[in-house]
Amino acid sequence: MIAFASDLDGTLVFDKKVKDMDKEAIRMFQKKNMFGVCTGRPICSLFDVEDIPFDFYIVSSGALLLDRNKEMIEEHIIDKNLAKDIFNYYMNKATIIVQTNDLHHFYATGYYNNPLLTLINSFEDIGDLKVYSISLVFDTNKEAASYVSDVNERYPLLSGYQNNNSIDIVVQGVSKGTGVKAMKKYLNANEMLGIGDSYNDLPLFKASDYSFTFHSSPDSLKEEINDVVSSVSEAINKVLQAES
């Protein structure tokens, strides 16, 4: 059995929609194999893919792993004092998103077009919730890249990954890659495949047995993968053809 882990934004989801051909390819793939998500998003923010019955969920950049019924398999929680320090230090430098174990809300210091968003002005606004991930959202990709080293040097117990114009921060050593490895073991999969489009997908690529990215992806990403495609459906069709 093969398990296929897909990033969401810019990979499977475009303008808050999944292409019909990708949905059909996933359905065909799931007849004999498993298909799931591997995303930096929180579990509460999958509203645009709710009609797809995924077999597994790797969310919050690998900090939370769930089965097909969204029951927890594994979690990695950021220390509250560290999370508060990050919030206070960067609050005037970036928009901050805090991902927690709240299944119905995520929290941010700026507005996003998401019905589950709760605006906060202080870290104390999240109360006693567990913190899985913190994202720092900057105006440009270049600005985000300039802060990655600062985050990792300032907080050695955490890991920050650039995702275009944002930095996703989780417990040190946790990534989409560790999520993929743990999920492969949990599913008892013979092979784990991965597809993504951005820098934070590098751990996903490296942990997968075979990986895909897009023709539109940065050249540095293309050097780290096995195959370049135009869509998730193209990648799936290549896998199914190789199986037959």
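Contact here means heavy atoms within 4.5 Å. Helices (H or I, at least four residues) and strands (E, at least two) are DSSP runs, numbered from the N terminus. Axes are lines fitted to C-alpha atoms, for helices over the stretch in contact; angles run from 0 to 180 degrees between N-to-C directions.

## Basis

This is a predicted model: local features need pLDDT of at least 70, side-chain atom pairs count only at pLDDT 80 or more, and totals for chains, interfaces and linings use all residues. Residues are numbered from 1 along each chain as its sequence is written, and side-chain values use heavy atoms, with hydrogens and water left out.

Helix 3 (residues 141–154) lies across strand 11, strand 12 and strand 13. Helix 3 runs at about 170 degrees to strand 12.

These strands belong to an open sheet of 6, ordered 10-9-8-11-13-12, with mixed pairing. Two strands pair if DSSP finds at least two bridges between them. Strand 10 (117–119) and strand 12 (158–163) are the edges, and each pairs on one side only. On average, neighbouring strands of this sheet are turned by 25 degrees against each other, direction ignored. Strand 9 (residues 106–108) and strand 10 run parallel, joined by 3 bridges. F106 has L117 in strand 10 as its bridge partner. Helix 2 (residues 80–90) also packs on the sheet. Helix 2 touches strand 8 (95–100), strand 11 (131–137), strand 12 and strand 13 (166–171), and its direction makes about 15 degrees with that of strand 11.

Strand 4 (residues 34–38) pairs with strand 5 (residues 56–59) in the parallel sense, over 2 bridges. V37 stands opposite Y57 in strand 5.

## Cavity

A cavity is a set of points on a 1 Å grid over the protein atoms alone, where a 1.4 Å probe fits but cannot get out. The count is 1 cavity of 30 Å³ or more. The largest cavity has a volume of about 30 Å³, the space filled by probe spheres set on the points.

Its lining (residues with an atom within 4 Å of a point) consists of S61, Y161, S175, K176 and N200.

Key
On a 1 Å grid over the protein atoms alone, a cavity is a set of points where a 1.4 Å probe fits but cannot get out, and a pocket is an open set with protein on both sides within 12 Å along at least five of seven lines; lining residues have an atom within 4 Å of a point.
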